[in-house]
Amino acid sequence: MPRLSRWRWGLTWAAGCLFLIDLFGVVFHQAWVAQLDQALIHLIRQPLSHPLTQAVIAVTTAGNPKPVTWVTIILVVALVIARRYRASFFLLVNVLGWAGLGNFILKNLVQRPRPTVNRLVTASSFSFPSGHSITVMLLWGTVIVLAGRYLRQSPGIRYFITGLASLWILAVGVSRVYVGVHYPTDVLAGWLLGFFLLTVTQWFLTRHGDDF
């Protein structure tokens, strides 16, 4: 596996720093957090037609634990059948470890209440960070990483998968704000932390030149 590029590390450290800024602002109730949240909520929560609203709800529901678990199981089984054991472990650490247990711990440490707006779906637990956002970043970010490894000879397919997965990461995060269960800074935190952890896990598993 090629070493991670300086560009990738630069983005990773930037994501980590921005996450810490976001975390600091939320924990200490900084005014800029509320201002940013309100501005983005006003931008995102625009009235949509009923079919579009239902589509957004379908997108956000697809990020729920049950669908994510099934997708993860299918991918892990496929990787094991292909004897890509390190890749399957990479996926499990990201989805079950970081997005599952890690997100649960962080939520309960920060204990940020969810927005007090009309919600289009039900949601429990605390708000920060967005579990859907960190999960979608780690799950489909892993798919992007593995596509880059296994589809080097098929750049068209690789770019298609990367583009589709990237759009899905964006759509799920934005949907969480639209349905009223997260603040935008929750979603940003999930994306930023997810990307940081994705890189760290990839580096750790391939730091000695071992391949996926």
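1. Angles under 35 degrees count as roughly parallel, over 145 as roughly antiparallel, 65 to 115 as roughly perpendicular, and the rest as oblique. In this predicted model, helix 1 (residues 6-27) and helix 8 (residues 184-206) pack at an angle of about 140°. Helix 1 and helix 8 are therefore oblique to each other. Their axes lie 8 Å apart. The crossing of the two is left-handed.

2. Who meets whom at this contact? Helix 1 contributes R8, W9, L11, T12, W13, A15, G16, L18, F19, D22 and V26. From helix 8 come T185, L188, A189, L192, L193, F195, F196, L198, T199, Q202 and W203. By class, the contact residues are 15 nonpolar, five polar and two charged.

3. The largest nonpolar core has 39 residues. Within this core, F19, F90 and F212 touch the most other members. Two or more residues each come from helix 1, helix 2 (31-44), helix 4 (65-81), helix 5, helix 6 (131-150), helix 7 (155-178) and helix 8. Helix 8 gives the largest share, ten residues.

4. F19 deserves a look in the viewer. Leaving out residues up to four places away in sequence, F19 touches L106, F128, A189, L192 and L193.

5. S88 sits in helix 5 (residues 85-110). Is S88 buried or exposed? Its relative accessible area is 6%, and buried means under 20%, so S88 is buried. Beyond residues up to four places away in sequence, S88 touches V76, L79 and V80.

Definitions and conventions. Residues numbered from 1 in each chain as written. Predicted model: local features only at pLDDT ≥ 70, side-chain atom pairs only at ≥ 80, totals over all residues. Heavy atoms only, no water. Helix = DSSP H or I, 4+ residues; strand = E, 2+ residues; numbered from the N terminus. Buried < 20%, exposed > 50% of the residue type's maximum accessible area, 1.4 Å probe, protein only. Contact = heavy atoms within 4.5 Å. Axes fitted to C-alpha atoms, helices over the stretch in contact; angles between N-to-C directions. Left-handed = near helix turned anticlockwise from the far one by under 90°. Nonpolar A, V, L, I, M, F, W, Y, C, P; charged D, E, K, R; others polar. Core = buried A, V, L, I, M, F, W, Y, C linked by side-chain atoms within 4.5 Å.
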